Structures are given as C-alpha cells and as structure tokens.
Amino acid sequence: MSTTTTPAAEGAVIGKDGLATLVDLLRARGFTVVGPTVRDGAIVLAELESADQLPYGWGVELEAGHYRLREREDGAAFAHAAGPQSWKTFLHPARVRQWRAERSDGQLVIEEDDTPPPRFAFLGVRPCDLRAIAVQDRVLTGGRHRDPVYQGRRSGAFLVAVECTEPGATCFCASMGTGPAAGPGYDLALTELVDADGHRFWIRSGSPEGADILAALPTSAASEAVCETARQAVASAADRMGRTMPDTDLRRLMAGTLDAPRWDDVASRCLTCGNCTMVCPTCYCTTTEDVTDLTGDHAERWRVWDVCFDLDFSQLHGGPVRPSARSRYRQWLTHKLGTWYDQFGSSGCVGCGRCIVWCPVAIDITEEAAALHDWADRPDGEP
Amino acid sequence: MHADTRPTLAVWKFASCDGCQLTLLDCEDELLGLADQVRISHFLEMSGAEDGREPATLNGIGPYDLSLVEGSVTTEEDVRRIHHIRRISRRLVTIGACATAGGVQALRNFADVEQFRATVYASPQYIATLATSTPISAHVPVDFELRGCPIDRRQLLEVITAFLAGRKPNIPDHSVCFECKRRGNTCVTVAHGTPCLGPVTHAGCGALCPTYGRGCYGCFGPVANPNLVAMVRQLRQDGMTGRDIVRIFRTFNAASPEYAPVAELATQEPPEDPHPPETPQ
C-alpha cells in the first residue's frame, strides 16, 4: 500500500466515465471514498457516493484572506487549489475518543476505544498534500511512539493523487519542492486534460493495489502525445505559482532572526485565532479533554486538535509560557519552517497556501519569511 | 431511609431576561438525572416553594452548596442581595453575559441613566436604579463565570458535573474559530466576506452562527487579550461602518473591559493597513 515505485512508463487514459467507474469500484471494494465537492460556497473534502459529486466546472479565486468559487467553462473537476480542509481531517481527526471508564460496585473498568476506522480512498490528493501526508506519517508514526489512531486510518488508505495544472495565487509548492508533479506515495496518479481532444485523465499506478484497480478500469492506451501534453501542463503550472518562498536555508533563517522587529509587526496584525494551524495539513498538536457524567460513574477521555496560538496550549503553573501574540506566532513559524528539520528531518511546510487563504486578516507566510530574510540580509549596522 | 446527602442547588435572578435560567430547564433529557444528584432547593422559575415550604423568598433560606447567578447588578437592593447570596453559598457561579459582563443593559454605562428613566417611564419617580449595570464579580468573589447570551446547555451541565466531581470545569478559553474549524466549517469571512467576530470571541457555543452561514456577533464575550485593532480593521474591510462596529461590540457584553478601545478604534479615521491585501483579479 502506498509504496514508492516509479510510475509505469506508459500509463493509460480514462475518460469521465472511467473516473465514475473508479469511484464505484472503490466503493464496491469497501472504501469510504472522500474527495472534493462543492458545499457552503467552497470546494470541501467530503464522502463521495459517486463521481457526479466532484466539482466539475468549478474553480477557485484565491488571495490572502480571500476564497471565492468561480465557474469554469472547461468543466474540469480538479482545476482548483487547496480548500478549507486537508486530509488530516480524516487521518488525524479533530475529535477522537481514546478510552472510557465505568465504575460499578466499586470496580473501575477502563475500555480502550477500538472502533475500527473506515478504510478511506482519497480521490484528488494534490502533490503538496501527498507530501503533507508523508510529513504527518513521519511525525505520527515514524518515531518511537506511534499514534494508533492515525496509523489505523492511514495504513488502509488508498491515495489517488491528481497532479496540479491550475495553481492558485496563494500556491508555492514549486518553491517548497513538493509539486506540482506528484511525488512518491500514491496508489494511483491522475493528470486531468481538457482540450480539443476531449476531457480525459492520464492515469498511472504507484502500488500493486493501484495497478490492480487500474486493470479493472475502462482505459485506452496512453499515446506519447498524451503523456507529453500532460507533462507539459504540469510543468507549466510550476511557472504559474502565485507565491514563492525565499530561496534560502529556512532553518538557518528562522534560527537567526528570533529578535527581528518583524515579529512585533506580524503580532500587531495577528488575531491569534489559530485558523492557520487548523487548516495546515501538517500541524498535528492535540490536547486531551476528560468528561464525566452527572453520576461520576462514567468517564471518557477525548483527544481534540489544539494549536500553539491557544493560551491554554502552553499553560503551566504560573501562567502560559507564550502569553504574547509575538511569541505564539514566532513559535508557529519557527517550528513550521525551522525546528521541524531538527525534529523530523524535513520542512513542516509543503507550500499548499492554506494558511494564507484562511487567515481572516491575510497574513502571508511567504511574505513574513521574505521580510525576515530581508532583515537578515540588511547591511551591517542597521537595526 | 437515608438522610438526603445531595448537594443543594440554588438559582438566582438579577437584571436579566431569564433565558439562562431557562437553559437549566431545557436540560430535558438530563433533568431527572440532575435532580438525582443535586437537591434543587431554590429556583423561582421552576417552583414557588423552597424545599416544600411556601412561598420561597427572594433571599432564600440557605445555605446552598452551589448557587447559579443570572443577571447583573442594577439597583441598591441588588447590591445588598448579592452579598447575602454570596454569604449563604459555598460555590457561586455566574451564568450568562449579564452576570458576567453586565449584559445589554450595561449600555446605560455609556449614557445618562436619568435621561433614560425620564424617556422610558411614564412615572419615573417610582424607578430606583443605579447609574451602571455591573457584573456580579464587581461586587463579590465569583468561583466561575459561564459565558453566553444565553449560556450553552452542554456547558452548564459540564460546570455542574465538574462541581459534583470536585474538578475544574472543561470550559476552554480560546476563540470561536477553534470550534468552527474543528466542526469542519468553511470560514464565512474568507469564503463569503461576511463580517464575523469569531476570532476575538470566547468559545462555548460550538460555532453556532458560522455553522449556519452567518457571522459571529460575540454573544459569548471577548477572548483573553483580543487584538481589537486588527479585528476592527478587518470588520471595516468586510464592509461594516464605524457605527455598526461600535454597535456589534456594544450588545450583549457591552461593558466588557476588553472592548473598551473599540469605540475609539471604530470611529477614528481608519489607520493605514500596513500590509494591504492584493486585489484579486
């Protein structure tokens, strides 16, 4: 499952009917298929009952603090950048019950919550998000302590990547090295093509299970021309990224700018609402909540998302460790771009742009990093 | 027959609309279970008797293990009575925006109460009132403050349950955005341009309004250290006038000290946005 293999050189081509068959087939094999669909004025991720629910003919207009749906004449299903959620909503859910305890006749019985997770098939994993899943794999299952909730959901997941041909104005995966072409980790990879030759998808498998599914789809052979057109479409997307991360050693940049005045500047704009972290596909922090019922005979422990912008997050005896907005924003950014390397060996940012889009006051991670870079590069003697 | 060892509960009303007290009666499925665990001794909204003795009085009999106090202090008599209630209560928890921040009636704090009295009442000489509406905590020590206009039923049960178990209530102090994102909502400000106070508003409602596509109007009051400069700038950008901004903050939690800078921020010339967003194409 999801092992790294070189995509089959030849691949194949499917049409919209093939995509519909893919959804039906995955459902027939017991997968809960999750993919993009239009709801509440956005392209959200939700369970799909059929490929008809895909956002055919919908694109998005993105800017810092701004997201709008836009109709597209070409009828494409995947010509949109990241939406309000990421796959962590399903792999690392916002609320999970960990155990429950019952007291009767003075005896306490603690039961682990071992409800089997659904087996997910994710349709439309963008390359940046494919990397984000790999980053969370490392964080949540790659160390000494493995998260059984994540592992249970992740180990059975079937990933259908869709390469990016339509980056948004807030995208910067090219400068993070995570897209717009799909990296390793997918079971199937698609590239959507809509042109004079019709609406079709170049499809390759990346795992034995992917190959097995692909063999069951109504495909036609992929001509050299189709492969080339698809590769071109993806390559040209790299040149149309709306944002760029400064081309520098970000880990060093973060470590060397801890006293930059820019942190006060961003703190004056930051609402510390935590939206950036909750939409981030790699942020993984949680807290626990213990609940009891009125009798005190029944208790449960729940794990819920928490974020470093929450004052309670760093609450210790005597108060929070990071009381100021400056210290909390700095904690988030320096971890995301810097100390993540020390901790997990990679960047915590994959360039999806969600934190830029969903910040209500339009704070832009690339702009902040660039400002820190400018400050670090300032001529000697300037403050 | 064992002696009744249940802790006693009293519910008190000051200047308020009764909606928060009603939340206790709205605990329909849990009400009988609750009555097994606590003796609801004094609750005028529910019964005119106190522990079987009629009529119950505004001062109660006491003492009580847990007092839930709704409403703000607006008269001299209120001041006397809240000190009395504090004396006869082991734990005192305020419920709702009135008891916690002075409520909508704290609008009088920004105006001339004599003028109100003369305008509103046909015979103003019968009205005895203070110049301000103040939260319970301005008069007596309070063990816990539960936010909301009205309060949230689940949070009320959590506070009572925590009291019974002798633990701290699990009532997070973060913003509505936390609850909104955990619910998987699409942000109404970012996706629709709807003004929303979620980023500076105390959680507890479960992001009720944004879940139904409308902006938060702050009925749970401020989070700790809200960045009102940034919030007011954003509300302007989402189309609110200075007057609308002052009014939305001066609603249920009008007198919250955290909101004090809003009037000046919203009515002065908009400060230059240091980082104006690019206009989308």
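Two strands are said to pair if DSSP finds at least two bridges between them. With that term in place, let me turn to the model before us.

This is a predicted model, in which local features need pLDDT of at least 70 and side-chain atom pairs count only at pLDDT 80 or more, while totals for chains, interfaces and linings use all residues. Residues are numbered from 1 along each chain as its sequence is written, and chains are lettered from A and ligands numbered from 1 in the order in which they are written.

I begin with strand β2 of chain A, residues 32-39. Helices (H or I, at least four residues) and strands (E, at least two) are DSSP runs, numbered from the N terminus. β2(A) pairs with strand β3 of chain A, residues 42-47, in the antiparallel sense, over 6 bridges. Across this pairing, A:Val34 stands opposite A:Glu47.

Next, helix α1 of chain A. How far apart are its end C-alpha atoms? They are 18 Å apart, which agrees with the 18 Å that its 13 residues, 16-28, should span at 1.5 Å a residue. The expected span is 1.5 Å times one less than the number of residues.

Which residues of α1(A) are buried? They are A:Gly18, A:Leu19, A:Leu22, A:Val23 and A:Leu26. These residues cover an arc of only 145 degrees around the axis, and therefore lie on the same side of α1(A). The arc is that of the directions from the helix axis to the C-beta atoms. A residue is buried if 20 or more other C-beta atoms lie within 10 Å of its own, exposed if 12 or fewer, and partly exposed in between, with C-beta atoms placed from the backbone.

The buried residues of α1(A) are covered by elements including β1, β2, β8, β9 and β11 of chain A. Just after the helix, A:Gly30 takes a positive phi of about 95 degrees.

At residues 365-376 of chain A we find helix α13. This helix has 12 residues and reaches 16 Å from its first C-alpha to its last, close to the 16 Å expected. Among its buried residues are A:Ile365, A:Ala369 and A:Leu372. The buried residues of α13(A) pack against α8, α9, α11 and α12 of chain A.

I now move to the domains, whose bounds come from an automatic or database domain assignment. Chain A has domain 1 (12-94 + 103-238) and domain 2 (250-376). Their centres, taken over C-alpha atoms, are separated by 26 Å. The contact takes 31 residues from domain 1 of chain A and 26 residues from domain 2 of chain A. Two residues are in contact if their C-beta atoms, placed from the backbone, lie within 7 Å. On the domain 1 side, the largest share, 9 residues, comes from α3(A). That side divides into 17 nonpolar, 9 polar and 5 charged residues. Here Ala, Val, Leu, Ile, Met, Phe, Trp, Tyr, Cys and Pro count as nonpolar, Asp, Glu, Lys and Arg as charged, and the others, Gly among them, as polar.

Chain B is assigned domain 1 (8-165) and domain 2 (176-267). In chain B, 15 residues of domain 1 are in contact with 13 residues of domain 2. The largest share of the domain 1 side, 3 residues, comes from helix α4 of chain B, residues 97-101.

One residue of chain B deserves a moment. B:Arg81 lies in helix α3 of chain B, residues 76-87. Why is B:Arg81 classed as partly exposed? The reason is that 18 other C-beta atoms lie within 10 Å. Not counting residues up to four places away in sequence, B:Arg81 touches B:Leu58 and B:Asn59. The C-alpha atoms of B:Arg81 and B:Asn59 are separated by 7.0 Å, though the residues are 22 apart along the chain.

Finally, how do the chains meet? 43 residues of chain A are in contact with 37 residues of chain B. Elements giving two or more residues to the chain A side include β3, β4 and β5 of chain A. The chain A side divides into 21 nonpolar, 12 polar and 10 charged residues.
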